[in-house]
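Keep the sequence at hand.

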Amino acid sequence: MKTKPYGPTITSPPPHSISPYYDVVRDGVITEIVIKRSDRDPRYWPGEAMRTQVVGADRFVDFYDEPEEKNVKHWKKMLGFYLAKFVLQPLGYDIDINNCYIRSFPQGYKLFCHKKGHKDAPRRDSYLCGWKKDFRSPAEFARHLKWLMLGAKRNPATLKTTCDCCYCDDRMTRQQIAELEWGRKFSRRLKKGKVKGGESECISEKEGGPSKY
Ligand SMILES: [Zn+2]
């Protein structure tokens, strides 16, 4: 079968890795991972009142705003890097892990920017909402996303999730996971609590994750 010379193409997966739960789409040097599985629950989004900016008499705000586009891109790139490195490459995909993105968050998940403090310079923290816990960084969400990508499997005997993210499985803390999978400098930032969100969560290329942004 001939391949189209232009435009996005679904990459030919290694024969053993065709999945109903995701697609891998290549467009030039960029690879996109399309996640088809979700465990969303929109009840866990911030309510309308919490998403409305109200400036108090003290000029302070405390609300969940739309995220900045660059922050959405950062999350998609970090998560794409992780899934490329820990799922696709082991399956035999020949891809550039530094140019890999997820196309979108799983259906029903949404990134918010929590702004709290003086209205002109509030603290900004990212929260990915749509599940019973809010994920506060790409590194915190990565293992849960990997579990979704691989079909959201449950133990057939106990029906318990087989996800090994820091919320589903208490055998490893998020610091330990970060150190194991994202590098030591990144995990040190986690320990200092600087990874919570917004600009502060962005990871430079020297600290693990993709080498380019
Ligand atoms: Zn999980």
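The largest nonpolar core has 38 residues, and I33, I35, L79, L83, L128 and L145 touch the most other members. Such a core is a set of buried Ala, Val, Leu, Ile, Met, Phe, Trp, Tyr and Cys residues joined through C-beta atoms within 7 Å. Buried means 20 or more other C-beta atoms within 10 Å of a residue's own, with C-beta atoms placed from the backbone. Two or more core residues come from each of β2 (22-27), β3 (30-35), α1 (69-91), β5 (100-102), β6 (110-118), β7 (123-129), α2 and α3 (174-182). α1 gives the most, eight residues. Helices (H or I, at least four residues) and strands (E, at least two) are DSSP runs, numbered from the N terminus.

This is a predicted model: local features need pLDDT of at least 70, side-chain atom pairs count only at pLDDT 80 or more, and totals for chains, interfaces and linings use all residues. Residues are numbered from 1 along each chain as its sequence is written.

Now turn to α2. Helix α2 (residues 138-149) has 11 of its 12 residues buried, so it is largely enclosed by the rest of the structure. Among the buried ones are F141, L145 and W147. G151 follows α2, with a positive phi near 105 degrees.

How does α2 meet α1? The contact (C-beta atoms within 7 Å) is made by W75, M78, L79, Y82, L83, F86 and V87 of α1 and by P138, F141, A142, L145, K146 and M149 of α2.

Terms used
Contact = placed C-beta atoms within 7 Å.
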